Amino acid sequence: DPRDLKKIEQIKNLMKVSDISDIKFVGAAWSSPKWMKSNNDWTGFSTLLDQYYQTWADYHVKYLELMKEAGINFWAISTGNEPLNGVAAFLFIKFMSLGWLPRAQGKWVGENLGPSLRQSSSVSNVKILAGDDQRYTFPWWFDRMYEANPQSKNFVDGHAVHWYWDKYASPNLLDQSHQKYPEKLIIATEACAGDKPWEEHKPMLGYWPRGEDYII
């Protein structure tokens, strides 16, 4: 894809200019191709069709291998950006999303993504970050995911979290998750301002409350 080639060129230029070569790259797919999905669309209510569980895992591994060949070494990938967007938030989420529930995702990680990644000859060391959604999903998402497929827990290295509804979800949820799964990393993977349906979805130059949100 020419867009990926452009990204690779830009990343290499940034690494050269900054003189930093050990950047830890983290990747997250927002949606599988439409033909793998129950609704055959980029957005809306969706799930990954059962017959494509292995194909979607193979997509991830092949992408990582090709990026490595191009000189971009990924540190980690997530199990998919904000999986609940394609299940519960599709009425106001209009960007690409693939719906998951934790039990189904546990099956995919335990039987497809995890084994396929670890069997790769070149990218088996890439970490898997589960969740990649809001704080309010902690720790119940992982409880159900690992309960559905205990093997998935062996493949997951950490739990990824976004900040968008933190004002309505106690940070104690992260503490609870750490207490239950102390061997798993907890890492913030996404944050921005102006994301709520009632907010301005564009830059607001000079608007300090957004800067204060980042500081907090």
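This is a predicted model: local features need pLDDT of at least 70, side-chain atom pairs count only at pLDDT 80 or more; totals for chains, interfaces and linings use all residues.
Me: What makes β1 and β2 a pair?
Reply: Two strands pair if there are at least two bridges between them. β1 and β2 (residues 74-78) have three bridges, in the parallel sense, so they pass the cut-off. One of the links is in plain view: Phe25 has Phe74 in β2 as its bridge partner.

Me: What is the order of the strands in the sheet, and which way do they pair?
Reply: The order is β1-β2-β3-β4-β5. The sheet is open, and the pairing is parallel.

Me: Why are β1 and β5 said to stand at the edges?
Reply: β1 (25-27) and β5 (185-190) each have a single partner strand, so one side of each has no neighbour in the sheet. From one strand to the next, the twist averages 35°.

Me: How do you know that β4 and β5 pair?
Reply: Count the bridges. Five of them join β4 (residues 158-162) to β5. The cut-off is at least two, so the strands count as paired. The two run parallel. His162 has Glu190 in β5 as its bridge partner.

Me: Where does helix α3 lie, and at what angle to β3?
Reply: α3 (residues 102-118) lies across β2 and β3 (127-134). The helix runs at about 150° to β3. Angles go from 0 to 180 degrees between N-to-C directions.

Me: What is the volume of the largest pocket, and what lies closest to its centre?
Reply: Its volume is about 930 Å³. It is lined by 27 residues, with Asp4, Lys7, Ala28, Ala29 and Tyr63 the closest to the centre. α1 (2-18), β1, α2 (53-69) and β2 each give two or more residues to the lining. The largest share, eight residues, comes from α2.

Me: How does the lining of the largest pocket divide?
Reply: Into 19 nonpolar, three polar and five charged residues. Ala and Tyr count as nonpolar, Asp and Lys as charged.

Me: What is in the lining of the second largest pocket?
Reply: This pocket holds about 500 Å³ of space. Of its 20 lining residues, Trp163, Tyr164, Lys167, Lys196 and Asp213 lie nearest the centre. The lining divides into 11 nonpolar, one polar and eight charged residues.

Notes:
Residues are numbered from 1 along each chain as its sequence is written. Side-chain values use heavy atoms; hydrogens and water are left out. Helices (H or I, at least four residues) and strands (E, at least two) are DSSP runs, numbered from the N terminus. Contact means heavy atoms within 4.5 Å. On a 1 Å grid over the protein atoms alone, a cavity is a set of points where a 1.4 Å probe fits but cannot get out, and a pocket is an open set with protein on both sides within 12 Å along at least five of seven lines; lining residues have an atom within 4 Å of a point. Grid points are joined across faces, edges and corners, and a volume is the space filled by probe spheres set on the points.
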